[in-house]
Amino acid sequence: MTLRLFDTATRDVRDFVPLTPGEVGIYLCGATVQAAPHIGHMRSAVAFDVLVRWLRRGGSRVTLIRNVTDIDDKILVKSADAGEPWWAWAATYERAFTAAYDALGVLPPTYEPRATGHVPDMVELMERLVERGHAYTTGPGDVWFDVRSWSEYGSLTNQRLEDLNPVPDDVPADAEEAAAKRDPRDFALWKAPKEGEPETASWPTPFGRGRPGWHLECSAMARRYLGDTFDIHGGGLDLRFPHHENEQAQSRAAGYGFAQHWLHSAWVTQGGAKMSKSLGNGLLVREVLATTSPAVLRYALGSVQYRSMLEWTPATVVEAEATWERLAGFVERATERVGDVEGVREAELPAAFTAAMDDDLNVPAALAVVHEHLRAGNAALADRTTAADAVARHHLVAVRAMLDVLGLDPGDAQWADRGDSRYASVLDAVVGAELAARAEARAARDFATADAIRDRLAAAGVAVEDSADGARWTLA
């Protein structure tokens, strides 16, 4: 089956055919590093991480470009309020995003360009647009894209220009400058410095000193690393308009093919409202990870199909944790039974799992296949015959191979305990001593003492499971 993906531009699911067989170029809108990341940011990161992993699992050579917007109005305002240099403020939160990506097992991009490092590319694009009659200036440092000059403006989001209102970010504070715009809906390619802004936050150009508009930088960086035309442009659903609409307009008006396929991931919501910093309802990644393991958070964010809204409730983490414990517990028990397995990433995947992933990355359907193998694997573990070992091994490999595609293989070093190993050793010794005492009590038919030991362990958060091979323990 051919991989089929929903294309925002055509508004349907269609075959994904890369421009060059075996190679895929993806531009993913990354973070505007103005504040700490919340889980809504990570939803998009995890969704596109799954896409990259699936493409690579199929043998494609994927070039992923994920940008960093390290200069914009909010960064300048927040850094000034804090009395920090804007560039130091941006670097601080860039590191915070990187730490969050790493914690959730998001693979690093092929390259992660910063907007401030690509001013020459932006100037080149502006000059081309001015020469072709699609951009104009209203004063030193202010360059605008003329939306009426491009007849296809609005095509990405299926909107008519006449129905659109000016975007607040593109409404000049100065009335004279606003009157100089050809159309109120024209958007900024380049912005002149505002009074009080640091000189380091602007660059000289043939059009005057200033800094980039948000949309210009992505078009310039995408072309720099992926060429005039590339396969996939991705980002969160909220970026469709105006950001991606404007990117497409300016790039195609400049004569470039730009993205051939548009993918957008849905939001994390609370009470039906989008999670965002501006609404004050963003759950910071660092706060969630203070009480939740990274693997559980990744499962919670990644187990929903990427185009479906994820409503975040107190039960979200509880359900994800229970599922993760079942998956990780099976992998641990099966590995104890049959030993370590190799070649997980090369193992043949179940046909139903592959069909689900090829169907617009239908992760819920793919996870249903995982759970089928999980149940069969647990049944094999309950069978103590030698013949059942091969069955258990088969399902162990299948479960780990499928979860690896989703970035959730419990056997991967990413999800190993990163704490001080001495604590684990001490805990194992203490619990082991308690279980030995319990075994002696049971052998002496002193069940009251055996039950008391089990209850004492349970109160401490240790779950005991009896089997034909003796008792084993896990954290409850």
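Lys194 and Asp73 form a salt bridge, in which the closest N and O atoms are 3.8 Å apart; the term stands for a side-chain nitrogen of Lys or Arg within 4 Å of a carboxyl oxygen of Asp or Glu. The pair links distant parts of the chain, 121 residues apart, with Lys194 in the loop between strand E7 (187–191) and strand E8 (211–212) and Asp73 in helix H2 (residues 73–82). Helices (H or I, at least four residues) and strands (E, at least two) are DSSP runs, numbered from the N terminus. This is a predicted model, in which local features need pLDDT of at least 70 and side-chain atom pairs count only at pLDDT 80 or more, while totals for chains, interfaces and linings use all residues. Residues are numbered from 1 along each chain as its sequence is written, and side-chain values use heavy atoms, with hydrogens and water left out.

**Salt bridges**

- Lys194 is partly exposed because its relative accessible area is 47%, where buried means under 20%, exposed over 50% and partly exposed in between (1.4 Å probe, protein chains only).
- Asp73, at 21% relative accessibility, also counts as partly exposed.
- The side chains of Glu94 and Arg114 meet in a salt bridge of 2.9 Å, N to O, and this pair links Glu94 in helix H3 (residues 86–103) with Arg114 in the loop between H3 and helix H4 (119–131), 20 residues apart.
- Glu94 counts as buried because its relative accessibility is 13%, whereas Arg114, at 41%, counts as partly exposed.
- Asp183 forms a salt bridge with Arg148, the closest N and O atoms being 2.8 Å apart, and Asp183, at 3% relative accessibility, counts as buried.
- By the rule given above, the count comes to 26 salt bridges.

**Domains**

- The protein is divided into domain 1 (4–136 + 145–165 + 216–265), domain 2 (293–406) and domain 3 (421–475), with bounds that come from an automatic or database domain assignment.
- Taken over C-alpha atoms, the centres of domain 1 and domain 3 are separated by 54 Å.

**A buried histidine**

- His244 has its place in helix H7 (residues 240–253), and it counts as buried because its relative accessibility is 0%.
- Leaving aside neighbours within four places in sequence, His244 is in contact (heavy atoms within 4.5 Å) with Cys29, Leu156, His233, Gly234, Gly235, Leu239, Trp262 and His264.
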